[in-house]
Every structure is written in structure tokens, then in C-alpha cells.
Amino acid sequence: MKKVRPIMFVGTGSDVGKSMLVTGLCRLLQQKGYTPAPFKAQNMSLNSFATPDGLEIGRAQAVQAEACKIDCSTDMNPILLKPSGKNTSQIVLHGKPIGDQTIKEYFLGNNKQQLFEEAKAAFFRLQEKHNPIVLEGAGSISELNLKHRDIVNMRMAQAAEADVYLIADIDKGGVFASVYGSIALLEPWEKKLVKGVIINKFRGDVSLFEEGKKTLEKLTGIPVLGIVPYANDIYIEEEDSVALQKKNTTVVNGLVNIVVVLLPYISNYTDFNVLEKDARTHLFYADDPKSISEADIIILPGSKNTIQDLLFLREKGIANVILEANELQKTIIGICGGYQMLGKMIEDPLGVEGTIKTLPGLGILPITTKLTTEKTTVQCSFTFKKYPETISGYEIHMGETTAKNAQPLNYISNQPEGYFQGNCWGTYIHGILDHTIVIEDLLQNFTNTKTSFDYTAYKEENYDRLASLLEETINIDAIISEKHTIS
């Protein structure tokens, strides 16, 4: 198979669909016999994933690796920023936290040159094993006040000797200005790297944009290589918190209503995607006490700052609603940080999350958590409750939880994990709700209807559908033509 130059998708702005298009291209290249791998030098997200070797990367790159049909690794996302406080993020380098910085310190400080060297080294390691590397940029390529410190867009493209393709979201409006302006603001060396433009999220008859395509090409001197329809019927896991703005927010009649409490530092909300697809349930996100009280099942999700989110529950009156729901024997679930909040006490003697050293939890489960500086990141296989089937998930947390009276929810290699008490259970395991036996157990008191939904098969089907869509709507041959191969 010919060696193809690295391919990089950059954007006119955030949320233009870069992650999704990289995912689709990864699957399409894999189908064509290549051995692609994704790469994003720096990612900012509270949705992360544990690699097989027990390290942490952004969820989007794990999804893209899955589309490539390969295991994910930290070389695919060497730098991950996880917002952990007001204008503060935890910096994860090669899968391990190296400290917290304010956003100002990170983006305007002097340490990014070393991080850039680390990112480049990760890219070249990945390139030795895969062909081609499909890179993803971040935000806009034309942030003039930040670009000289940028390590994820055009400087990374230059270091990787990548062919760059600019993605524009036509659904947002102003596509001509955003494309022309983005390119006009590039320096000459940057513009030389841009080989094509892709218009994304087009609604209606694509032929109506033929004149617009010619106009863009005349304005920029760069070919428009594809017009991709708004594919809201294709499911790819989202990692950006922008996606939360599109979620359901209230109850409906006739279904099992499940609320995920919308915490300020909510993390790994992909834990609940399967419940969104279940025809028996209505999943919604809320931070309104009244809406939460109306749900049949309450879920406390993961959190990047458990103590601040626990304070939030009390300030908003949500804590009282959850305690009242527990009195009424409603089903209550806590995952990761949510599990910690359900306990008697959270202790932070080392100041991992801030200045508060101890804070009472909701007191529903007889557990106590001590936050630690060491982060647990591991994939795991486990059994759930009384069921014999072995299922899988992953842990990402900075804390150790002990139980007064052991009533484990799960067993990992015969070791107890989590806690189960009547109507309430908690666990550190992300992805636990991806499995049919867990979903059926959760819903057994609400419906007699069963489901045979296979989440893995569903994701695979949608990767293939996305690949087919891109093959139909993007000039893939131009992207991987002979002139874009490495001699």
C-alpha cells in the first residue's frame, strides 16, 4: 500500500464537525486497505478514556481509533486539558496528570515549546506504525492572538508535513466569510499547506451550492473537495460539552424518565448514550430541582471537581431533592464522582481539588472517599450484581473509596467494587451502562418490555454509514492521490 502524506482536518471555528469527519475518514481509509490512526496534539475535554495500558486520552481520539479498528494510545492525543476549576485545567501529558494551570498560564506561558516537542515526538512514533495519520486541529486556524503559541493547528501541520483541509460549517451561516477570512488571515507558508476546503452540515439540495462552490474557489484559489450533508441520522459519540446544549431537558409522558444531573464539571457523559437510544426510556439532563424530582431514575454522573459539584447540589436545592427521592425509594445511581457524592464524607487532605479539606456527602451510601494525587486509569472486566456474565468498562478517578459494610455492586478479578444498597448503587466504572444486563436490571421495575440493543454493533454500523457518506460526498481520490503520497 502506497505511503500517503498525513491528512489534517482543521476548522473555521469550533464545532464545525472536525472530529466526526476525522472519524469517518479513518473508517473509510481502513476499508480501503490502509492502516490509519488518529492524532490530535492537544485536546480540551472532560470526556476521556482509559487506554489498554492504563493511561488517559480524549474520548474523541479513542472513538477515532475504534473507527480505525485499532487500540487507542496516548500517542494519538499526547496533551489533554481537563477543566477542573474556574479558568483552571488539569494538564495530562502522555496519559498522566502533570499539574494544574490557569488557562492564561497555559496559553500565554512559556512552557508550550516543550509540550510541542512532546506532541511532535508522539506524532512521529505513531507515523512509524500507521499509514496515513489523520490529524485533527482545534477551534479556528486563524486565532491571531494565539497562533504563535499554537501546537495543534498549522504549526503541527507544518511539523508533520501534512496536507491540510479546511472544514466550514454552512449550517452556522456566513460560510463565505468564514472560509475566505480564515484563509486570508493565514501566513504564506500556512496557506501553502491548505489543499482543499470541505463544506460540512449542508441542508437540502447540494446542487444548489454549485455556484457557491465556484465562488469560493475563485475567492481563495483553493478547491472545494466536498459538500457533506447534515448527517443528524448518523450516530458518532460526541465529546465536546457543546453537545450537552442539544440534549433533552425535561420529562415526557409514557416512558421511563431518567435524569442525569447537569453538574458544572460533568465528565464522561458518554456513559449515558445507550440510555438515549433505548426506546423504553427518556433520558434528559437537568440542574432544575423540579425537573429532577419528576424523574423516575436519578443519575449523578462523573465530575472533574467533585467537591465543587457537591457544593453546587446543595446551593441549587438538588441535594434535598435527591434525599427526598431516596426516602421515596426512587432509583438513584452514582458513577465515579457521583458515586463519591452519595457517600458520608469526601476528604481532600492534599488539596487535590482546592482548599476545602473535608465535605459531608449526601450520606445515602455508607462510604467515605479520600482524594489522592495518583490517578487511577484502567480498563477492566467485571461481573455486575448476581449476573455471571463478564462485561467491560474503564476507571478514571483520583480518589479511594472505603465502605463501612461491604455490599459490592461489582467484582473485578474477584475484588469487590462499588456499592449496592436497595434502590441505590454507585460505582467507579465508566461504560457500565453500555451493557444489556445492566440496563435490564435498571429497568426491571419499570417495564416488562425487553431489548436486545447491541451498542458495539450499532457503533460499527454508524462508522460504516459515515464512511459511505464521505466517499459519496468528498473527493477522497484527490486527498489520497499520487501527488499526495510519500516517495
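Let's start with Phe 176, which sits in helix α6, spanning residues 175-184. Helices here are DSSP runs of H or I with at least four residues, strands are runs of E with at least two, and both are numbered from the N terminus. This is a predicted model, in which local features need pLDDT of at least 70 and side-chain atom pairs count only at pLDDT 80 or more, while totals for chains, interfaces and linings use all residues. Residues are numbered from 1 along each chain as its sequence is written, and side-chain values use heavy atoms, with hydrogens and water left out.

Phe 176 is partly exposed, because its relative accessible area is 34%; buried means under 20%, exposed means over 50%, and partly exposed is in between (1.4 Å probe, protein chains only). Together with Tyr 180 and Leu 219, Phe 176 makes a nonpolar surface patch of about 280 Å². Patches are made of residues with over 30% relative accessible area and no salt bridge; like charges are joined within 9 Å, and nonpolar side chains (Val, Leu, Ile, Met, Phe, Trp, Tyr) within 5 Å. The areas come from the Shrake-Rupley method with a 1.4 Å probe, and for residues only the protein chains shown count as cover.

## How α6 meets α8

Helix α6 packs against helix α8 (residues 210-220) at an angle of about 20°, with the axes 10 Å apart. Therefore α6 is roughly parallel to α8; angles under 35 degrees count as roughly parallel, over 145 as roughly antiparallel, 65 to 115 as roughly perpendicular and the rest as oblique. The axes are lines fitted to C-alpha atoms, for helices over the stretch in contact, and the angles run from 0 to 180 degrees between N-to-C directions.

The crossing of α6 and α8 is right-handed. A crossing gets that name if the near helix is turned clockwise from the far one by less than a right angle, and is left-handed if anticlockwise.

## Salt bridges across the chain

Side chains of opposite charge can pair when their charged atoms come close. A salt bridge here is a side-chain nitrogen of Lys or Arg within 4 Å of a carboxyl oxygen of Asp or Glu, and by this rule the count comes to 21. One of them joins Glu 56 and Lys 375, whose closest N and O atoms are 2.7 Å apart. This pair links distant parts of the chain, 319 residues apart: Glu 56 is in strand β5 (residues 56-58), and Lys 375 is in the loop between β21 (367-370) and β22 (376-384). Glu 56 is buried, as its relative accessible area is 0%, and Lys 375 counts as buried at 16%.

Asp 75 and Arg 125 also meet in a salt bridge, at 2.8 Å from N to O. This pair too links distant parts of the chain, 50 residues apart, with Asp 75 in the loop between α2 (59-68) and β6 (79-85) and Arg 125 in helix α4. Asp 75 counts as buried at 11% relative accessibility, whereas Arg 125 is partly exposed at 35%. In another salt bridge, Lys 290 and Glu 294 meet at 2.6 Å, N to O. Lys 290 counts as exposed at 55%, and Glu 294 is partly exposed at 34%. There is also a network of salt bridges that links Asp 15, Asp 169, Lys 172 and Lys 201.

## Backbone details in the loops

Now for the backbone. The peptide bond from Asn 131 to Pro 132 is cis, with omega near -10°. Pro 132 is in the loop between α4 (112-127) and β9 (133-140).

Glu 161 is not a glycine, yet has a positive phi of about 55°. Glu 161 lies in the loop between α5 (154-160) and β10 (163-169) and counts as exposed, at 52% relative accessibility. Asn 414, another residue other than glycine, has a positive phi near 70°. Asn 414 is in the loop between β25 (410-412) and β26 (415-417), and counts as exposed at 71%.

## Two separations to look up

Leu 225 is in strand β12 (residues 224-229) and is buried, with a relative accessible area of 13%. The C-alpha atoms of Leu 225 and Leu 371 are separated by 50 Å, and the two residues are 146 residues apart along the chain.

Asp 441 has its place in helix α14 (residues 436-443) and is buried, at 6% relative accessible area.
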